[in-house]
Amino acid sequence: MSKFAVVRSQKPLLSFQIHVRSFVIIGMLISLLAVAIVASIGLGSIRIPVSEVLKSLVGMGDSTFQLVVVNLRLPRILVSVMVGAALAVSGAILQALVRNPLASPDLIGTTNGATAAAVAFIAFSNGTYSIHWLPLVALIGGFFAASLTYVTAWKRGLSPFRFALIGVSISAAMGALSVYFMISGPLYLTSQALGWMSGTVYGTSWDHVLTLLPWVVGFLLVTIIQSRTLNVQELGDDIAKSVGVRVERKRLILIAVSVALAAAAVGIAGGIGFVGLMAPHMARKLVGSSYGALLPTSALLGGLFVLLADLAARTLFVPLDVPAGVFTAAVGAPFFMYLLYRSKRE
(Lines give C-alpha, C1' and ligand atoms only; values in the text may rest on other atoms or scores of the structure.)
Protein backbone atom coordinates (compact mmCIF):
# COMPACT_ATOMS: atom_id res chain seq x y z
CA MET A 1 0.00 0.00 0.00
CA SER A 2 1.35 3.43 -0.94
CA LYS A 3 1.93 6.28 1.51
CA PHE A 4 -0.82 8.24 -0.23
CA ALA A 5 -3.30 5.42 0.37
CA VAL A 6 -2.33 5.24 4.04
CA VAL A 7 -2.87 9.00 4.49
CA ARG A 8 -6.23 8.84 2.71
CA SER A 9 -7.38 5.96 4.92
CA GLN A 10 -6.40 7.83 8.07
CA LYS A 11 -8.27 11.06 7.30
CA PRO A 12 -11.81 9.73 7.88
CA LEU A 13 -10.68 8.11 11.13
CA LEU A 14 -9.09 11.37 12.31
CA SER A 15 -12.22 13.35 11.39
CA PHE A 16 -14.41 10.82 13.24
CA GLN A 17 -12.21 11.10 16.33
CA ILE A 18 -12.45 14.90 16.27
CA HIS A 19 -16.26 14.77 16.01
CA VAL A 20 -16.52 12.25 18.86
CA ARG A 21 -14.26 14.40 21.04
CA SER A 22 -16.40 17.48 20.32
CA PHE A 23 -19.61 15.63 21.19
CA VAL A 24 -18.08 14.34 24.43
CA ILE A 25 -16.93 17.84 25.44
CA ILE A 26 -20.31 19.37 24.60
CA GLY A 27 -22.04 16.64 26.61
CA MET A 28 -19.75 17.29 29.57
CA LEU A 29 -20.43 21.03 29.39
CA ILE A 30 -24.20 20.43 29.32
CA SER A 31 -23.87 18.25 32.42
CA LEU A 32 -21.66 20.82 34.14
CA LEU A 33 -24.13 23.59 33.32
CA ALA A 34 -27.04 21.53 34.70
CA VAL A 35 -25.14 20.91 37.96
CA ALA A 36 -24.23 24.61 38.19
CA ILE A 37 -27.88 25.60 37.70
CA VAL A 38 -29.08 23.29 40.51
CA ALA A 39 -26.27 24.44 42.82
CA SER A 40 -26.94 28.10 42.03
CA ILE A 41 -30.65 27.70 42.81
CA GLY A 42 -29.79 26.30 46.23
CA LEU A 43 -27.24 28.95 47.19
CA GLY A 44 -28.05 32.43 48.42
CA SER A 45 -29.23 34.29 51.50
CA ILE A 46 -31.60 31.34 52.01
CA ARG A 47 -29.82 27.99 51.60
CA ILE A 48 -31.99 25.31 50.02
CA PRO A 49 -30.96 21.63 50.04
CA VAL A 50 -30.52 19.97 46.66
CA SER A 51 -33.39 17.57 47.36
CA GLU A 52 -35.74 20.51 47.99
CA VAL A 53 -34.50 22.26 44.85
CA LEU A 54 -35.34 19.20 42.74
CA LYS A 55 -38.74 18.82 44.41
CA SER A 56 -39.54 22.50 43.85
CA LEU A 57 -38.60 22.25 40.18
CA VAL A 58 -41.26 19.57 39.67
CA GLY A 59 -43.84 21.34 41.86
CA MET A 60 -43.58 19.06 44.90
CA GLY A 61 -41.48 21.17 47.25
CA ASP A 62 -42.23 23.15 50.36
CA SER A 63 -44.30 26.26 49.54
CA THR A 64 -41.65 28.68 50.85
CA PHE A 65 -38.84 26.96 48.99
CA GLN A 66 -40.95 26.72 45.86
CA LEU A 67 -41.59 30.46 45.94
CA VAL A 68 -37.87 31.20 46.18
CA VAL A 69 -36.88 28.62 43.55
CA VAL A 70 -39.55 29.12 40.91
CA ASN A 71 -40.41 32.80 41.24
CA LEU A 72 -37.12 34.38 42.30
CA ARG A 73 -34.03 32.35 41.46
CA LEU A 74 -34.89 30.21 38.44
CA PRO A 75 -35.84 33.12 36.12
CA ARG A 76 -32.67 34.98 37.06
CA ILE A 77 -30.53 31.90 36.43
CA LEU A 78 -32.15 31.16 33.06
CA VAL A 79 -31.67 34.78 31.98
CA SER A 80 -27.98 34.55 33.04
CA VAL A 81 -27.46 31.46 30.90
CA MET A 82 -29.21 32.93 27.85
CA VAL A 83 -27.40 36.27 28.13
CA GLY A 84 -24.04 34.51 28.37
CA ALA A 85 -24.83 32.23 25.43
CA ALA A 86 -25.97 35.16 23.26
CA LEU A 87 -22.87 37.25 24.00
CA ALA A 88 -20.54 34.30 23.45
CA VAL A 89 -22.00 33.35 20.06
CA SER A 90 -22.06 37.00 19.01
CA GLY A 91 -18.35 37.20 19.78
CA ALA A 92 -17.61 33.96 17.93
CA ILE A 93 -19.33 35.30 14.80
CA LEU A 94 -17.33 38.52 14.89
CA GLN A 95 -14.03 36.72 15.40
CA ALA A 96 -14.70 34.76 12.20
CA LEU A 97 -15.85 37.75 10.15
CA VAL A 98 -13.17 40.18 11.29
CA ARG A 99 -10.55 37.42 11.45
CA ASN A 100 -9.28 38.89 14.69
CA PRO A 101 -9.05 36.86 17.92
CA LEU A 102 -9.66 40.05 19.94
CA ALA A 103 -13.04 40.71 18.32
CA SER A 104 -16.14 40.90 20.50
CA PRO A 105 -19.57 42.64 20.44
CA ASP A 106 -17.84 45.71 21.87
CA LEU A 107 -15.70 45.92 18.74
CA ILE A 108 -18.40 47.24 16.40
CA GLY A 109 -20.15 49.36 19.02
CA THR A 110 -23.08 46.99 19.60
CA THR A 111 -22.74 46.77 23.38
CA ASN A 112 -21.99 50.44 23.94
CA GLY A 113 -24.65 51.53 21.44
CA ALA A 114 -27.28 49.47 23.25
CA THR A 115 -26.03 50.78 26.59
CA ALA A 116 -26.12 54.42 25.45
CA ALA A 117 -29.71 54.07 24.22
CA ALA A 118 -30.81 52.37 27.45
CA VAL A 119 -29.10 54.93 29.69
CA ALA A 120 -30.75 57.74 27.71
CA PHE A 121 -34.10 56.03 28.19
CA ILE A 122 -33.54 55.68 31.95
CA ALA A 123 -32.25 59.22 32.35
CA PHE A 124 -34.78 61.12 30.25
CA SER A 125 -37.99 59.10 30.40
CA ASN A 126 -38.18 59.99 34.10
CA GLY A 127 -40.55 57.10 34.77
CA THR A 128 -43.03 58.20 32.10
CA TYR A 129 -42.70 54.95 30.18
CA SER A 130 -42.60 51.39 31.47
CA ILE A 131 -39.19 49.85 32.11
CA HIS A 132 -40.35 46.93 29.92
CA TRP A 133 -39.55 49.13 26.89
CA LEU A 134 -35.87 49.06 27.89
CA PRO A 135 -34.89 45.90 25.92
CA LEU A 136 -36.43 47.28 22.72
CA VAL A 137 -34.69 50.64 23.19
CA ALA A 138 -31.35 48.88 23.77
CA LEU A 139 -31.89 46.74 20.69
CA ILE A 140 -32.48 49.84 18.55
CA GLY A 141 -29.34 51.46 19.99
CA GLY A 142 -27.23 48.37 19.24
CA PHE A 143 -28.46 48.18 15.65
CA PHE A 144 -27.88 51.91 15.18
CA ALA A 145 -24.25 51.72 16.34
CA ALA A 146 -23.51 48.61 14.28
CA SER A 147 -25.19 50.10 11.19
CA LEU A 148 -23.18 53.30 11.62
CA THR A 149 -19.99 51.23 11.81
CA TYR A 150 -20.94 49.20 8.72
CA VAL A 151 -21.89 52.22 6.58
CA THR A 152 -18.83 54.21 7.63
CA ALA A 153 -16.48 51.30 6.95
CA TRP A 154 -17.95 50.52 3.52
CA LYS A 155 -15.71 51.53 0.62
CA ARG A 156 -16.21 49.39 -2.48
CA GLY A 157 -16.65 46.51 -0.13
CA LEU A 158 -16.02 45.89 3.55
CA SER A 159 -12.46 45.41 4.74
CA PRO A 160 -12.37 43.51 8.06
CA PHE A 161 -9.47 45.68 9.26
CA ARG A 162 -11.27 48.94 8.44
CA PHE A 163 -14.47 47.57 9.95
CA ALA A 164 -12.69 46.74 13.21
CA LEU A 165 -10.86 50.07 13.38
CA ILE A 166 -13.98 52.17 12.82
CA GLY A 167 -15.93 49.90 15.18
CA VAL A 168 -13.55 50.71 18.03
CA SER A 169 -14.04 54.43 17.36
CA ILE A 170 -17.84 54.15 17.28
CA SER A 171 -17.76 52.07 20.46
CA ALA A 172 -15.70 54.73 22.26
CA ALA A 173 -18.09 57.45 21.10
CA MET A 174 -21.10 55.48 22.35
CA GLY A 175 -19.38 54.94 25.69
CA ALA A 176 -18.86 58.69 26.02
CA LEU A 177 -22.52 59.28 25.17
CA SER A 178 -23.56 56.88 27.93
CA VAL A 179 -21.63 58.89 30.50
CA TYR A 180 -23.07 62.15 29.17
CA PHE A 181 -26.64 60.85 29.34
CA MET A 182 -26.07 59.54 32.85
CA ILE A 183 -24.80 62.85 34.26
CA SER A 184 -27.41 64.87 32.34
CA GLY A 185 -30.40 63.04 33.79
CA PRO A 186 -31.96 63.37 37.24
CA LEU A 187 -29.57 62.57 40.07
CA TYR A 188 -31.83 59.92 41.63
CA LEU A 189 -31.70 57.88 38.39
CA THR A 190 -27.90 57.93 38.20
CA SER A 191 -27.43 54.89 40.43
CA GLN A 192 -29.97 52.90 38.40
CA ALA A 193 -28.23 53.81 35.14
CA LEU A 194 -24.78 53.07 36.58
CA GLY A 195 -25.88 49.66 37.85
CA TRP A 196 -27.36 48.82 34.46
CA MET A 197 -24.18 49.95 32.67
CA SER A 198 -22.17 47.58 34.88
CA GLY A 199 -24.31 44.63 33.79
CA THR A 200 -26.74 42.85 36.10
CA VAL A 201 -29.57 40.32 35.97
CA TYR A 202 -30.97 41.51 39.30
CA GLY A 203 -34.75 41.73 39.29
CA THR A 204 -35.31 39.64 36.17
CA SER A 205 -38.56 37.66 36.02
CA TRP A 206 -40.35 35.13 33.86
CA ASP A 207 -41.40 38.00 31.58
CA HIS A 208 -37.71 38.57 30.78
CA VAL A 209 -37.19 34.84 30.22
CA LEU A 210 -40.10 34.63 27.78
CA THR A 211 -38.94 37.77 26.00
CA LEU A 212 -35.36 36.58 25.56
CA LEU A 213 -35.93 32.86 24.92
CA PRO A 214 -37.32 32.92 21.35
CA TRP A 215 -34.86 35.63 20.34
CA VAL A 216 -31.79 33.73 21.56
CA VAL A 217 -32.90 30.25 20.45
CA GLY A 218 -33.95 31.49 17.00
CA PHE A 219 -30.73 33.32 16.23
CA LEU A 220 -28.56 30.56 17.71
CA LEU A 221 -30.18 28.12 15.28
CA VAL A 222 -29.59 30.53 12.37
CA THR A 223 -25.94 30.83 13.38
CA ILE A 224 -25.42 27.07 13.61
CA ILE A 225 -27.01 26.66 10.16
CA GLN A 226 -24.52 29.23 8.85
CA SER A 227 -21.53 27.55 10.55
CA ARG A 228 -20.06 26.35 7.25
CA THR A 229 -20.15 29.91 5.94
CA LEU A 230 -18.28 31.08 9.05
CA ASN A 231 -15.62 28.41 8.49
CA VAL A 232 -15.04 29.68 4.95
CA GLN A 233 -15.23 33.38 5.86
CA GLU A 234 -12.48 32.91 8.40
CA LEU A 235 -10.13 31.78 5.62
CA GLY A 236 -10.43 35.10 3.75
CA ASP A 237 -12.58 36.74 1.09
CA ASP A 238 -10.71 35.29 -1.89
CA ILE A 239 -11.11 31.69 -0.75
CA ALA A 240 -14.74 32.28 0.21
CA LYS A 241 -15.51 33.68 -3.25
CA SER A 242 -13.68 30.83 -4.95
CA VAL A 243 -16.04 28.27 -3.37
CA GLY A 244 -19.14 30.22 -4.36
CA VAL A 245 -19.93 32.16 -1.18
CA ARG A 246 -21.54 35.57 -1.71
CA VAL A 247 -19.20 37.20 0.75
CA GLU A 248 -20.76 40.63 1.31
CA ARG A 249 -24.32 39.32 1.53
CA LYS A 250 -23.39 36.56 3.99
CA ARG A 251 -21.24 38.93 6.01
CA LEU A 252 -24.09 41.42 6.33
CA ILE A 253 -26.50 38.68 7.45
CA LEU A 254 -24.05 37.33 10.01
CA ILE A 255 -23.25 40.79 11.36
CA ALA A 256 -27.00 41.40 11.77
CA VAL A 257 -27.34 38.11 13.68
CA SER A 258 -24.37 39.00 15.89
CA VAL A 259 -25.82 42.43 16.63
CA ALA A 260 -29.27 40.98 17.37
CA LEU A 261 -27.86 38.48 19.87
CA ALA A 262 -25.63 41.00 21.64
CA ALA A 263 -28.21 43.79 21.71
CA ALA A 264 -30.92 41.48 23.05
CA ALA A 265 -28.57 40.35 25.84
CA VAL A 266 -27.60 43.92 26.69
CA GLY A 267 -31.25 44.96 26.57
CA ILE A 268 -32.07 42.54 29.37
CA ALA A 269 -28.88 42.47 31.45
CA GLY A 270 -26.98 45.65 30.65
CA GLY A 271 -23.33 45.93 29.70
CA ILE A 272 -21.86 42.59 30.80
CA GLY A 273 -18.43 42.68 29.21
CA PHE A 274 -15.74 40.26 28.03
CA VAL A 275 -18.02 37.21 27.69
CA GLY A 276 -17.99 37.51 23.90
CA LEU A 277 -14.20 37.63 23.98
CA MET A 278 -13.39 34.85 26.43
CA ALA A 279 -15.94 32.12 25.67
CA PRO A 280 -15.00 31.62 21.96
CA HIS A 281 -11.31 31.47 22.87
CA MET A 282 -11.93 28.81 25.50
CA ALA A 283 -14.18 26.89 23.11
CA ARG A 284 -11.52 26.98 20.41
CA LYS A 285 -9.04 25.41 22.83
CA LEU A 286 -11.51 22.64 23.66
CA VAL A 287 -13.02 21.69 20.28
CA GLY A 288 -10.89 23.39 17.64
CA SER A 289 -11.85 26.01 15.08
CA SER A 290 -14.70 24.25 13.26
CA TYR A 291 -17.76 26.39 13.89
CA GLY A 292 -20.13 23.43 13.89
CA ALA A 293 -18.72 22.50 17.31
CA LEU A 294 -17.33 25.90 18.28
CA LEU A 295 -20.69 27.69 18.36
CA PRO A 296 -22.55 25.38 20.79
CA THR A 297 -19.43 25.08 22.93
CA SER A 298 -19.10 28.88 23.06
CA ALA A 299 -22.78 29.20 24.00
CA LEU A 300 -22.44 26.70 26.85
CA LEU A 301 -19.25 28.32 28.17
CA GLY A 302 -20.75 31.80 27.93
CA GLY A 303 -23.88 30.71 29.79
CA LEU A 304 -21.80 29.00 32.48
CA PHE A 305 -19.53 32.02 32.83
CA VAL A 306 -22.35 34.53 33.39
CA LEU A 307 -24.18 32.09 35.67
CA LEU A 308 -21.13 31.74 37.92
CA ALA A 309 -20.49 35.49 37.83
CA ASP A 310 -24.06 36.18 38.96
CA LEU A 311 -23.80 33.48 41.64
CA ALA A 312 -20.71 35.20 43.03
CA ALA A 313 -22.44 38.59 42.72
CA ARG A 314 -25.39 37.62 44.91
CA THR A 315 -23.65 35.38 47.47
CA LEU A 316 -20.20 36.82 48.23
CA PHE A 317 -21.32 40.19 49.60
CA VAL A 318 -24.70 39.47 51.18
CA PRO A 319 -26.89 41.53 51.67
CA LEU A 320 -25.42 43.51 48.76
CA ASP A 321 -26.21 42.33 45.23
CA VAL A 322 -23.18 43.30 43.17
CA PRO A 323 -23.62 43.56 39.35
CA ALA A 324 -22.44 40.40 37.58
CA GLY A 325 -20.55 42.58 35.09
CA VAL A 326 -18.10 43.51 37.85
CA PHE A 327 -16.99 39.87 38.10
CA THR A 328 -16.84 39.25 34.35
CA ALA A 329 -14.68 42.37 34.01
CA ALA A 330 -12.43 41.24 36.88
CA VAL A 331 -11.71 38.01 35.01
CA GLY A 332 -11.96 39.38 31.47
CA ALA A 333 -9.56 42.31 31.76
CA PRO A 334 -6.51 40.13 32.69
CA PHE A 335 -7.58 37.63 30.02
CA PHE A 336 -7.63 40.42 27.43
CA MET A 337 -4.15 41.56 28.51
CA TYR A 338 -2.91 37.98 28.18
CA LEU A 339 -4.28 37.78 24.63
CA LEU A 340 -2.61 41.06 23.73
CA TYR A 341 0.69 39.83 25.13
CA ARG A 342 0.43 36.52 23.29
CA SER A 343 -0.51 38.23 20.00
CA LYS A 344 2.48 40.56 20.34
CA ARG A 345 4.89 37.64 20.89
CA GLU A 346 3.45 35.70 17.94
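Contact here means heavy atoms within 4.5 Å. Among contacts in this protein between residues at least 6 apart in sequence, 75% join residues at least 24 apart.

The model is predicted: local features need pLDDT of at least 70, side-chain atom pairs count only at pLDDT 80 or more, and totals for chains, interfaces and linings use all residues. Residues are numbered from 1 along each chain as its sequence is written, and side-chain values use heavy atoms, with hydrogens and water left out.

**Overall make-up**

The protein has 14 helices and zero strands; helices (H or I, at least four residues) and strands (E, at least two) are DSSP runs, numbered from the N terminus. Of its 346 residues, 49% count as buried, where buried means under 20% relative accessible area, exposed over 50% and partly exposed in between (1.4 Å probe, protein chains only). The accessible surface comes to about 17,000 Å², and 70% of this belongs to carbon and sulfur atoms. Such areas come from the Shrake-Rupley method with a 1.4 Å probe; for residues, only the protein chains shown count as cover.

**Helices α8 and α11**

The axes of α8 (residues 206-225) and α11 (residues 247-269) come within 10 Å and cross at roughly 160°. Axes are lines fitted to C-alpha atoms, for helices over the stretch in contact, and angles run from 0 to 180 degrees between N-to-C directions. The two helices are therefore roughly antiparallel to each other, a term used for angles over 145 degrees. On the α8 side the contact is made by His208, Leu212, Trp215, Val216, Phe219, Leu220, Val222 and Thr223, and on the α11 side by Val257, Ala260, Leu261, Ala264, Ala265 and Ile268. By class, this contact has twelve nonpolar, two polar and no charged residues. Ala, Val, Leu, Ile, Met, Phe, Trp, Tyr, Cys and Pro count as nonpolar, Asp, Glu, Lys and Arg as charged, and the others, Gly among them, as polar.

Leaving aside neighbours within four places in sequence, Thr110 is in contact with Pro105, Gly142, Ala146, Val259, Ala262 and Ala263. With residues up to four places away again not counted, Ala283 touches Gly288, Leu294, Thr297, Ser298 and Leu301. Ala283 and Gly302 are 19 residues apart in sequence, and their C-alpha atoms are 9.5 Å apart in space.

Methods: Parallel < 35°, antiparallel > 145°, perpendicular 65-115°, else oblique.
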